[in-house]
Amino acid sequence: MRGREMQDFLIVGGGVAGVSAAARLAPLGKVVLLEAEPHLAWHASGRSAALFEESYGTPATIELTRASRAYLEAAGVLSPRGLMVVAAGGDIAAAEADAAALRLTPLSPDEARAKVPILNGRLAYAAHSDAAQGIDTDRLIRGFARSARAAGGEIVTGARVEAIARTAAGWAATTAEGVHEARILVNAAGAWVDVVAAMAGVAPLGFTPLRRSMARLAAPGGHDTRGWPMIFGPGESWYAKPDAGALLVSPAEEDPAEPHDAWADDMVLAEGLARYEEMVTEPVTRPIATWAGLRTLALDRTLVIGRDPDEPSFFWLAGQGGYGMQSSPAASRLAADLIGGTPPELDAATVAALSPARFLR
């Protein structure tokens with residue numbers, strides 16, 4: 001088995017966390033990114049709902065998202081979308097709580113139907129904002145990868161890590177095609193982050209991969225869905241989002257799962273589609289396609305970004321939990337700042353809230 005030149009940074013994982021970190025770290029030293037699958041963004045990053053909403057998530061997640069806006073705008077990956085919460089009579093309180101958290105403005109039923117004409121007579125409450133935007137996730141991933149390669153970074157796909165060993169100089173990760181060594185290991189392995197940590201002899205932090213199923217439906221009733229907002233049921237009990245002339249509908253479930261290439265649970269998906277169907281005039285047709293992804297969350301549902309308290313050369317970039325796309329520019333910037341010794345652009349309280357050291361308190 002052949003060895004390779006010593007790197008400065010070894011990144012495990014080719015989702016948005018890993019590829020954005022590669023883009024940020026490549027100007028600071030030699031980078032190699034290892035992705036187990038045949039191409040980047042194979043798992044959760046390739047199955048994202050692709051929404052940019054600054055009021056979504058925990059306080060630290062919100063700060064990351066807000067700090068990411070300028071990059072996403074400059075990259076040209078944002079587009080108008082909007083966000084609407086809808087509810088029937090018995091669910092108004094839950095929908096009002098959602099609207100307050102997301103800073104939405106209440107609409108009358110007629111105003112809501114002017115935006116989404118398939119909403120039916122059960123609609124008793126709606127609230128909306130134009131602030132939410134869609135994200136061109138493919139363009140974002142390709143942009144990060146292009147930046148990483150332009151700065152000399154190496155991206156290796158089809159390179160599943162089979163073993164990780166501590167060395168005198170840092171870390172050695174073994175794949176089928178060789179050994180990659182580096183001073184610092186960045187764990188950006190999505191649902192597999194605790195698996196990678198255990199492989200490296202680092203204490204796992206207790207991440208939970210949560211399955212979320214999705215169906216692509218033909219445009220309901222032949223409507224042009226392109227101008228519709230993303231729609232949430234009360235308490236995020238389901239959501240629907242226009243996508244390339246069709247409509248994505250999800251039960252928005254969070255069912256714990258082992259790390260794997262996820263697929264939709266037919267029963268859970270059917271229940272979610274039924275909740276959506278209760279609020280619309282058009283019956284659900286046979287899905288064009290179904291799939292699922294694993295949204296991986298830390299115990300407190302906030303991203304984890306920082307050096308491991310016991311192994312400073314082991315860096316966590318984990319727990320994106322569905323917020324990875326919209327927070328990736330600032331999350332990767334923070335990772336590069338912490339690794340490179342540059343004062344972070346984010347405030348100290350946010351940096352501390354994201355640090356893995358918080359789990360020691």
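How many aromatic pairs does the rule for ring pairs give in this structure? The count comes to eight. The rule itself takes the rings of Phe, Tyr and Trp, with the six-membered ring used for Trp, and pairs them if their centres lie within 6.5 Å. Planes under 30 degrees apart count as stacked, over 60 as edge-to-face, and the rest as tilted.

Before I go on, some ground rules. This is a predicted model, in which local features need pLDDT of at least 70 and side-chain atom pairs count only at pLDDT 80 or more, while totals for chains, interfaces and linings use all residues. Residues are numbered from 1 along each chain as its sequence is written, and side-chain values use heavy atoms, with hydrogens and water left out.

Back to the rings. One of the pairs is Y56 with F232, which is edge-to-face, at 6.2 Å centre to centre and 65° between the planes. Y56 is in the loop between β3 (51-52) and α2 (59-75), F232 is in strand β14 (residues 230-232), and 176 residues separate them, so the pair links distant parts of the chain. Helices (H or I, at least four residues) and strands (E, at least two) are DSSP runs here, numbered from the N terminus. F232 has 6% relative accessibility and therefore counts as buried. For that word, the cut-off is under 20% relative accessible area; exposed is over 50%, and partly exposed lies in between, with a 1.4 Å probe and protein chains only. Y56 and F232 also belong to one aromatic cluster with Y239 and Y323.

Another pair is Y71 with F144. Their ring centres are 5.3 Å apart and the planes are at 20°, so this pair is stacked. Y71 is in helix α2 and F144 in helix α5 (residues 137-150), 73 residues apart, and this pair too links distant parts of the chain. Which of the two is buried, with a relative accessible area of 1%? That is F144, whereas Y71 is partly exposed at 29%.

The charged end of R166 sits over the ring of W171, 4.7 Å from its centre. The test is that NZ of Lys or CZ of Arg is within 6 Å of the ring centre and within 35 degrees of the ring normal.

The axes of α1 (residues 16-25) and α5 come within 7 Å and cross at roughly 35°. Axes are lines fitted to C-alpha atoms, for helices over the stretch in contact, and angles run from 0 to 180 degrees between N-to-C directions. The crossing is left-handed, meaning that the near helix is turned anticlockwise from the far one by less than a right angle. Contact here means heavy atoms within 4.5 Å. On the α1 side it is made by V16, V19, S20, A22 and A23, and on the α5 side by L140, I141, F144, A145, S147 and A148. Ten of the ten residues of α1 are buried, so this helix is largely enclosed by the rest of the structure.

Next, the cores. A nonpolar core is a set of buried Ala, Val, Leu, Ile, Met, Phe, Trp, Tyr and Cys residues joined through side-chain atoms within 4.5 Å. The largest has 45 residues, and the members touching the most others are I11, I305 and L317. Beyond four places in sequence, the contacts of I305 include L64, F315, W316, L317 and P356. A second, separate core has 25 residues, among them A197, V202, V304 and W316.

A292 is in strand β18 (residues 289-297) and, at 0% relative accessibility, counts as buried. A131 is in the loop between β7 (125-129) and β8 (133-135) and is partly exposed at 42%. Leaving aside neighbours within four places in sequence, A131 is in contact with F52 and R69.

Last, the backbone. Where is A244, a residue other than glycine with a positive phi near 50°? A244 is in the loop between β15 (239-243) and β16 (246-250), and is exposed, with a relative accessible area of 79%. R301 also has a positive phi, of about 65°, and is not a glycine. R301 is in the loop between β18 and β19 (304-307) and is partly exposed at 36%.
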